[in-house]
Amino acid sequence: MSAPSDAPTLLIKIFGKDRPGITAGLFDTLAAYALDVVDIEQTVTRGRITLCALVTAPAAGVATEGELRATVHSWAESLKLQAEIISGIGDNPPRGTGRSHVTVLGHPLTAESTAAVAASITGTGGNIDRIFRLAKYPVTAVEFAVSGAPTEKLRTVLATEASSLGVDIAVVSAGLHRRAQRLIVMDVDSTLIQDEVIELFAAHAGCEAEVAEVTARAMRGELDFEQSLHARVALLAGLDESVVDKVREQVRLTPGARTLIRTLKRLGYQVGVVSGGFTQVTDELRERLGLDFAAANTLEIVDGRLTGRVTGEVVDRAGKARLLRSFAEAAGVPLDQTVAIGDGANDLDMLNAAGLGVAFNAKPLVRQAADTAVTVPFLDAVLYLLGITREEVETADGPAGAEA
């Protein structure tokens, strides 16, 4: 309930060593005074409880405030707890407009970086309403609930802080949409998997150096993605199609990939991949991981051998963004409730089109352009950016759910 703005209220704070029954005991004590509960918040940190209860003052004729204070202090002392009671008027002041979730990932998370993040939030005009930990390993992840500052302003300011402090920071607007069913679309090479698939094929063709040189030319801007793709695939001409199975066996999932996808699927999310690589690999990943969508280029195979060409429309930078929109439409998910994850320049259009673009261990240019960056080598760290805690993941997995 909400107390009338002019009604006397009491803030009762209890702190000390946690044990079962403290919360029930406090409110059982208060029940004798016929109070209404306006607000409650409780936290337990390393076995120490902090319990705050905002309640209406005793009604006239029931008891005096002094009697209530004496009773609460006596109860607290009997349990070797400390109590503080503060008189006031009405409910909590309303939170400011412009509400955001600021998630900070550190490996480790230092006091210096936490201070800098908090100061930056304050500098934008924001107020930190609540802080809680999402995960303690493999990274420390904490979330700040912030009000009073525009989400985009926070995101811009904190992105600069992230790069200088060596932490990852994500800023998303608060609201019901954060809990809504969503669509997550990932790049494949160096994102979902640790490898570059075309380099695995090149190793079997004995042309790794040549493929690397074409890639370098593309990185220097001498070739666009489609040109570089055709040039590299041409070097694979003549390979026996049996190499496809060999490459599939060599593919290594990024640490945390299975946990990420398994958790998202349990929450009702739809998950897809788009790749400048090849359907010969992404189709197998789709089946193995239970993905909802997958799109990539297709290596042409004739008479049991690779021809050195791809068939169909090339999945390039613009194509990835188009596929994100197509997947979102098919999934019935608004574009602003999509999340895109990638590492390379050809992912930029997709990252910018999504509601949240995440640069995963990406090139500096991509990190600067994306909404947020994850620089730890664990793909499931993306879950924390969505407000999902490590404890929730492990509880859902059960005893057999651990993943390297």
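Guide: Strand S1 (residues 8-17) is joined to S4 by 8 bridges, and the two run antiparallel; strands here are DSSP runs of E with at least two residues, helices are runs of H or I with at least four, and both are numbered from the N terminus. Within this pairing, Ile 14 has Ala 83 in S4 as its bridge partner. This is a predicted model, in which local features need pLDDT of at least 70 and side-chain atom pairs count only at pLDDT 80 or more, while totals for chains, interfaces and linings use all residues. Residues are numbered from 1 along each chain as its sequence is written, and side-chain values use heavy atoms, with hydrogens and water left out.

S1 and S4 belong to an open sheet of 4 strands, ordered S2-S3-S1-S4 with antiparallel pairing, where two strands pair if DSSP finds at least two bridges between them. At the edges lie strand S2 (37-45) and strand S4 (82-89), each of which pairs on one side only. On average, and ignoring direction, neighbouring strands of this sheet are turned by 10° against each other; angles run from 0 to 180 degrees between N-to-C directions, and axes are lines fitted to C-alpha atoms, for helices over the stretch in contact.

Helix H1 (residues 22-31) packs on the sheet and touches S1, S2 and strand S3 (48-56), contact meaning heavy atoms within 4.5 Å. The direction of H1 makes about 25° with that of S3. Helix H2 (residues 65-78), in turn, lies across S1 and S4 and runs at about 155° to S4.
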